[in-house]
Amino acid sequence: MDLGAHIGAFALVAAHYYKNSKIYSVEAAPDTADILKKNIKINSNLKWNLIRGAVWSNNGPIYLHRSKSSLGHHVENIPSGELVKSYTLDDLYKKTGWKKIDLIKMDIEGAELTLIRFNSKALSRAKFVLIEIHGDDQDIQSVKSEVKNIFPSVYRIKNRGSCKPLFLFAKKDIFLPVKWEFLKE
């Protein structure tokens, strides 16, 4: 499940490495979701679906705050901006029909801690969680601490071309044969 999917770049890479994967991409910004929908249509051979909306601590409307770049849009409970639908992780499991999931990827622009604190039981149904933590919006250590309660093995992914830290959380120590540099924390 690709939370904060943007235009679907992560989903395409995942589908390349894992040919039989089923992917649901969740995107809150309607215009970005339109581009994502086109990418899904172009790649119709993949088992790839779009869920329009944001993932949050509860269901209902949430406010989308836009930045100059589509890479920085974020949602908050501050009554300004554009109203979009929000889903809990449990809602997303119901929409997909999945009981468990291999990987949840989170790039949700500062909403990580809110999502984790209010969705920990649903999060624990995943085998792995990959999170880009937006340190300008929250304390990186707080996010890591919350997730480590469920996923005690933590790997920081280095040399990826972004200043935002990316962590892979697992329930036990693992080995992944990919070209990123992993540092066990």
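Predicted model: local features only at pLDDT ≥ 70, side-chain atom pairs only at ≥ 80, totals over all residues.

Biologist: How many aromatic pairs does a search of the whole structure find?

Modeller: Two. Rings of Phe, Tyr and Trp (its six-membered ring) pair if their centres lie within 6.5 Å; planes under 30 degrees apart are stacked, over 60 edge-to-face, the rest tilted. Tyr24 and Trp98 are edge-to-face, at 5.1 Å centre to centre and 85° between the planes.

Biologist: And which parts does that pair tie together?

Modeller: Tyr24 is in strand E2 (residues 22-27) and Trp98 in the loop between helix H3 (89-96) and strand E8 (101-106), so the pair links parts 74 residues apart in sequence. Helices (H or I, at least four residues) and strands (E, at least two) are DSSP runs, numbered from the N terminus. Phe167 and Phe169 form a tilted pair, 6.1 Å centre to centre with 40° between the planes.

Biologist: New topic: where does the charged end of Arg125 sit?

Modeller: Over the ring of Tyr93, 3.8 Å from its centre. Lys85 has its charged end over the Tyr87 ring, 4.7 Å from the centre. That needs NZ of Lys or CZ of Arg within 6 Å of the ring centre and within 35 degrees of the ring normal.

Biologist: What does Ile104 touch, not counting residues up to four places away in sequence?

Modeller: Met1, Leu3, Leu89, Tyr93, Leu123, Ala126, Phe128, Val129 and Leu130, where contact means heavy atoms within 4.5 Å.

Note on methods
Residues numbered from 1 in each chain as written. Heavy atoms only, no water.
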